[in-house]
Amino acid sequence: MPLELLHRSLWSGAVMHSAPLPALMDAARPSPRHTGPAAAINRQPLRGMHVAILCAQPAHVLEDFGSAVVDLGAKLALLNAPSWLHSAERAEGGFAEAAHMLGRLYDLVDVCDMDAATVDQIEQHAHIPVFDG
């Protein structure tokens, strides 16, 4: 039997200590169907995504952004920016091909320690979101 509560009367001190309060509290508790593995999935909006951090010193980024990404359910890859840039310049298809490969491997890339023009080029060729973090 549903309980009908008038929202304005709930703020009254007399009503808060009367019988409807336990019913209100019971209604606010999560039901058993909203717990378990399915509920954990809903708390991980990045589940199934692959995120790369392209940074000269990726270890310091892992503490903040990286741990947040993992907590939200994504898989994280730490890429050393100088090594990646060196490899990209030497790649057969050049920088554009290396950036395109980032787009094939990852759903988004967070770049730090690079100039804005390089970040824009990566985003242009990768066709994925590239954040200048």
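Modeller: Let us begin with a definition: two strands pair if DSSP finds at least two bridges between them. Please bear in mind that this is a predicted model.

Colleague: How do you know that strand 1 and strand 3 pair?

Modeller: Strand 1 and strand 3 have four bridges in the parallel sense, and the definition asks for at least two; they therefore count as paired. Within this region, Ala52 stands opposite Val109 of strand 3.

Colleague: Which strands stand at the edges of the sheet, and why?

Modeller: The open sheet has four strands in the order 2-1-3-4, with parallel pairing. Strand 2 and strand 4 (130-132) each have a single partner strand, so one side of each lacks a neighbour in the sheet, and these two are the edges. On average, neighbouring strands are turned by 20 degrees against each other, direction ignored.

Colleague: Why is the link of Cys55 and Cys112 called a disulfide?

Modeller: The sulfur atoms of Cys55 and Cys112 are 2.1 Å apart, and the cut-off is 2.5 Å; the pair is therefore a disulfide. The structure holds one such link. Cys55 belongs to strand 1 (residues 50-55), while Cys112 lies in the loop between strand 3 (108-111) and helix 7 (116-126), so the pair, 57 residues apart, links distant parts of the chain.

Colleague: Are these two cysteines buried or exposed?

Modeller: Buried means under 20% relative accessible area. Cys55 has 0% and Cys112 has 8%, so both are buried.

Colleague: What makes Thr118 buried?

Modeller: The relative accessible area of Thr118 is 14%, which is under 20%, so Thr118 is buried. This residue is in helix 7. Leaving aside neighbours within four places in sequence, Thr118 is in contact with Leu85 and Phe95.

Colleague: How do you know that the buried residues of helix 5 are on the same side?

Modeller: The buried residues of helix 5 (residues 81-90) are Ala81, Trp84 and Ala88. Their arc around the axis is only 65 degrees, which means that they share one side of the helix. In general, an α-helix has 3.6 residues a turn, so residues three or four places apart point the same way. On the other side of helix 5, Glu89 and Arg90 are exposed.

Colleague: What covers the buried residues of helix 5?

Modeller: The cover includes strand 1, strand 2 (75-80), helix 6 (94-105) and helix 7. Helix 5 lies across strand 1 and strand 2, at about 75 degrees to strand 2.

Note on methods:
Residues are numbered from 1 along each chain as its sequence is written. This is a predicted model: local features need pLDDT of at least 70, side-chain atom pairs count only at pLDDT 80 or more; totals for chains, interfaces and linings use all residues. Side-chain values use heavy atoms; hydrogens and water are left out. Buried means under 20% relative accessible area, exposed over 50%, partly exposed in between (1.4 Å probe, protein chains only). The arc is that of the directions from the helix axis to the C-beta atoms. Contact means heavy atoms within 4.5 Å. Axes are lines fitted to C-alpha atoms, for helices over the stretch in contact, and angles run from 0 to 180 degrees between N-to-C directions.
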